[in-house]
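Visitor: Hello! I am new to this structure and would like to learn how to read it. Could you walk me through a few features?

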Amino acid sequence: PLAASSTGTSRQSTGAMGLRRYLDLLRAPGVAPLVAASTLGRLPYGMNVLALILLLRSEGFDYAEVGIVTGASGLALGLTAPLLGRVVDRLGQTRVLVATGLLYLSADTGLALAALSGAEVVPLAALAALGGAATPPISPSMRTLWPELVGRERLDTAFAFDALQLEVFF
């Protein structure tokens, strides 16, 4: 019984220590606003595909057509992500994030409006591909900012927090 009691206490204090590390991280100068912005920017990651599937199905598209449209987005994202990384290296994160954010928003808005207006699969797939290609590179940008914000000693905690934040949306 004593061993079980001390084990339970040990687990509790370890859990509290883990949370304290994240809270300390969020209190570092400049971290909280950046985390808030990246959280807002990552919201579409987990919900856009599902929202698109539900929208297209409600507009009468069959699953094959829905797959073509959503697949176009995923394929474009996969093809352009390395290129966006190079552009970030050349132009800087701010320019690329602003430009891709605006293009992504425009493409997704156009996609939704086109779907609601009765557009065919090909233009929908083109808009989906544009949106996928313009997905803002938030996660890679965050990974390069963390060392500057928190230093090497808290980098493991920052990367763990960043991964946790991303997983929440999925």
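Visitor: By class, how many nonpolar, polar and charged residues does the lining of the largest pocket have?

Guide: Welcome! Keep in mind that this model is predicted. The lining of the largest pocket has 19 nonpolar, 13 polar and two charged residues. The volume of this pocket is about 670 Å³. It is lined by 34 residues, and those closest to its centre are Tyr-45, Leu-77, Tyr-104, Gly-132 and Thr-135.

Visitor: Which elements give two or more residues to that lining?

Guide: They are H2, H3, helix H4 (93-116), helix H5 (121-133) and helix H6 (138-150). H3 gives the most, with nine residues.

Visitor: What is the volume of the second largest pocket, and which residues line it?

Guide: Its volume is about 180 Å³. Among the lining residues are Leu-34 and Gly-41, together with Leu-97, Val-98, Met-142 and Leu-145. H2, H4 and H6 each supply at least two residues of this lining. Sorted by class, the lining residues are seven nonpolar, five polar and no charged.

Visitor: Let us turn to helix packing. How are two packed helices described?

Guide: In general, by the angle between their axes and the distance between the axes. Here, take helix H2 (residues 31-58) and helix H3 (residues 63-91): their axes come within 10 Å and cross at roughly 145 degrees. The crossing of H2 past H3 is right-handed.

Visitor: Which residues make the contact?

Guide: From H2 come Val-49, Leu-52, Ile-53, Leu-56 and Arg-57, and from H3 come Tyr-63, Val-66, Val-69 and Thr-70. Seven residues of this contact are nonpolar, one is polar and one is charged.

Visitor: And how is a pair of aromatic rings described?

Guide: The two things to look at are the distance of the centres and the angle of the planes. A search of the whole structure finds one aromatic pair. Tyr-22 and Phe-161 form this pair, with 5.7 Å centre to centre and 45 degrees between the planes, and it is tilted.

Visitor: Which parts does the pair tie together?

Guide: Tyr-22 lies in helix H1 (residues 2-27) and Phe-161 in helix H7 (residues 155-169), so the pair ties together parts that are 139 residues apart in sequence.

Note on methods. Residues are numbered from 1 along each chain as its sequence is written. This is a predicted model: local features need pLDDT of at least 70, side-chain atom pairs count only at pLDDT 80 or more; totals for chains, interfaces and linings use all residues. Side-chain values use heavy atoms; hydrogens and water are left out. Axes are lines fitted to C-alpha atoms, for helices over the stretch in contact, and angles run from 0 to 180 degrees between N-to-C directions. Helices (H or I, at least four residues) and strands (E, at least two) are DSSP runs, numbered from the N terminus. A crossing is left-handed if the near helix is turned anticlockwise from the far one by less than a right angle, and right-handed if clockwise. Contact means heavy atoms within 4.5 Å. Ala, Val, Leu, Ile, Met, Phe, Trp, Tyr, Cys and Pro count as nonpolar, Asp, Glu, Lys and Arg as charged, and the others, Gly among them, as polar. On a 1 Å grid over the protein atoms alone, a cavity is a set of points where a 1.4 Å probe fits but cannot get out, and a pocket is an open set with protein on both sides within 12 Å along at least five of seven lines; lining residues have an atom within 4 Å of a point. Grid points are joined across faces, edges and corners, and a volume is the space filled by probe spheres set on the points. Rings of Phe, Tyr and Trp (its six-membered ring) pair if their centres lie within 6.5 Å; planes under 30 degrees apart count as stacked, over 60 as edge-to-face and the rest as tilted.
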